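Here's a protein model to look through together. Keep the 3D view open and follow along, one stop at a time.

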Amino acid sequence: MESQLHVEQGPLRGNILHYIFSFLDVANKQIVAQVCRYWKDIAYAPTQWQEITAILPYSPSESLIIGLKNRQVTRVSCSRSTDEELSFLFSQVPGLTYLKIDDSRRISHELLEKNLTALTGLEHLHISNCPQVSLERLYLNKSFAKVLKKLKSLKLPRKISPSDFGKLVSKLKNLEELDLYCIGFLMRQWKKLFKRDTIELVADNLPNLESLHFEHIQYLSHSTVTYVAKNLKKLKNLSFSGIQSQGMTCPYGFGYREDEEEDSNELDMMIKELCKLKDLESLKFEVSGDEISESEILRLVRNLPKLKELKIKAISKITAKHANQIANFLPNLSIEYCTGGKRINDKDLQVMSSGLNNLKSLTLQSNPGITDSGMQYIANFKSLTTLFLNGKVGDAGVAVLAKGLPQLQNLSFLGCRQIGDAGAIMIGKHLKKLQCLSAQKTKIGDEGFSFMCLNLPKLRSLDVSYCPITNQGIIDGAVGLGNLNSLEIGSQKISNDGFQKSAKFLKGLTYLRIVNCHLINKEGVISMLEDLPSLMSLTFSGCGYMCMQERLVQPLCDAAGVDLTVIDVE
């Protein structure tokens with residue numbers, strides 16, 4: 001009788017439950033699996049996990065990795081890993097199709113060189129911030145050629161020579177996604193070597209590209225986009241920075257020409273070329289030295305019918321008329337809005353909220369005219385996942401945001417000095433999906449800090465520097481930060497004792513920045529190096545005592561493989 005109930009139980013048939021559960025994220029799949037054995041069997045069926053990327057926590061258990069094997073998970077992201085953990089992962093999940101490894105100073109080059117070639121189904125490989133691994137040497141190894149040939153996406157080495165880049169690109173014939181962040185400052189040298197723009201080299205060798213990103217390369221001319229539109233016919237996602245606006249010249253870089261004269265219509269021509277990319281689904285770019293007008297945004301929206309995501313920095317104010325026009329052309333468009341240096345106020349936010357219902361990211365910097373009253377309009381953006389703002393926002397405004405935007409993943413209140421413990425408690429109560437939080441130079445103290453830390457399980461990056469937190473606050477809060485990757489903290493009330501007693505809870509930290517802590521000395525650093533096994537970068541800013549002891553601490557950090565930075569004046 002019991003076995004029959006497992007096969008089919010309740011009013012919903014198995015195929016219907018399969019369909020419903022396919023829309024759930026990992027956390028909700030695990031929740032519905034607790035209802036009954038029948039639902040558990042469906043929630044943990046391999047078909048439910050085919051497109052799921054499993055993000056492994058710090059120091060994952062063997063049972064967790066075996067669980068990935070049982071559910072036939074093939075997409076895995078891991079950070080702060082060791083050789084032993086990766087070896088076990090490779091032995092249990094040999095069918096990996098997607099692998100991301102980052103922030104791991106305890107992974108050896110030899111381990112990856114030995115094991116990656118055995119992953120015959122690998123299609124996506126992203127390795128970064130692993131200091132013992134030479135990606136350039138790994139990728140150009142002859143035995144790795146078969147792996148490269150199958151890859152659809154690859155994280156390039158941070159530093160790679162022009163000649164080796166050319167060799168690598170020629171081996172990536174099936175690549176569909178490329179991020180050129182690694183070559184932003186080598187453009188002039190590369191042009192002399194290849195006798196043509198690097199973008200031409202990429203376009204000629206990688207005809208299957210669907211996603212192209214070069215956001216870290218400055219000063220892009222319209223001729224580059226012209227070449228992209230003409231040669232990369234399958235392109236769906238494009239992101240770049242540094243469009244030349246009026247009055248700017250291109251000193252070097254993509255689209256660089258020795259004889260190119262300043263062109264006052266550069267931005268207009270760029271928009272014209274972008275409008276030719278009719279299959280674009282995602283477009284992100286930045287205007288250098290100026291702002292793009294609302295009419296130019298509308299022009300893009302009208303000419304790119306498949307566009308689903310748009311991010312432009314910086315944008316001038318958008319009127320209600322144009323906001324509604326944009327919404328009418330592409331009602332499901334997700335927009336990332338950054339004002340740059342343009343100041344807006346609460347009334348402007350009200351105008352925006354009337355039409356840009358699918359706003360995904362909102363960056364409002366240097367806007368003292370934004371107050372708690374404006375938060376009610378921001379709370380209307382129900383698709384918002386990223387919010388950066390400052391101004392005269394206090395605890396009451398934070399409460400409105402926290403209750404109205406539970407989906408927020410990235411939140412910054414830089415310099416909002418009216419935010420204190422009450423606002424922090426509201427964040428901890430309502431923003432359970434928060435991954436990155438910056439509350440620098442607010443008035444959040446021990447009570448608010450510890451409450452947030454204990455109630456934000458997905459938090460990976462936290463900045464509370466220049467907040468009045470004491471030793472007791474960091475000790476109490478650290479208990480909930482076992483998965484934290486990056487921490488920026490500091491006040492004159494924190495000493496060695498605070499870091500020594502909290503370190504045992506912060507084993508996953510890879511980046512630690514300590515500011516304005518004059519009581520930290522060499523003994524405190526020794527304790528950090530011993531108790532934080534994943535630490536890769538340690539920064540002291542405005543910590544007077546450390547400035548005097550830098551020459552004593554530097555050899556200790558070098559021996560531990562930790563980058564040390566000491567800044568005298570903040």
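Ile16, Tyr19, Ile20 and Phe23 make a nonpolar surface patch of about 450 Å². Patches are built from residues with over 30% relative accessible area and no salt bridge, joining nonpolar side chains (Val, Leu, Ile, Met, Phe, Trp, Tyr) within 5 Å and like charges within 9 Å. A salt bridge here is a side-chain nitrogen of Lys or Arg within 4 Å of a carboxyl oxygen of Asp or Glu, and accessible areas come from the Shrake-Rupley method with a 1.4 Å probe, counting only the protein chains shown as cover for residues.

Before going on, note that this is a predicted model, where local features need pLDDT of at least 70 and side-chain atom pairs count only at pLDDT 80 or more, while totals for chains, interfaces and linings use all residues. Residues are numbered from 1 along each chain as its sequence is written, and side-chain values use heavy atoms, leaving out hydrogens and water.

With a relative accessible area of 39%, Ile20 is partly exposed, a label for anything between buried (under 20%) and exposed (over 50%), with a 1.4 Å probe and protein chains only.

An unreviewed UniProt entry annotates residues 16-52 as "domain: F-box"; such annotations may be inferred rather than shown by experiment, and their positions follow the numbering used here, with feature names shortened. That span is 54% helix and 0% strand, and its end C-alpha atoms are 20 Å apart.

Ser59 isn't a glycine, yet it has a positive phi of about 55°. Look for Ser59 in the loop between strand E1 (53-55) and helix H5 (62-70). Lys441, also not a glycine, has a positive phi of about 60°, and belongs to the loop between strand E16 (436-438) and helix H21 (446-455).

How enclosed is strand E13 (residues 359-364)? Five of its six residues are buried, so E13 is largely enclosed by the rest of the structure. E13 runs parallel to strand E14 (residues 386-389), joined by four bridges; strands pair if DSSP finds at least two bridges between them. Across that pairing, Thr363 stands opposite Phe388 in E14.

Finally, go to helix H24 (residues 522-531), whose buried residues are Gly524, Val525, Ser527, Met528 and Leu529.

Note on methods
Helix = DSSP H or I, 4+ residues; strand = E, 2+ residues; numbered from the N terminus.
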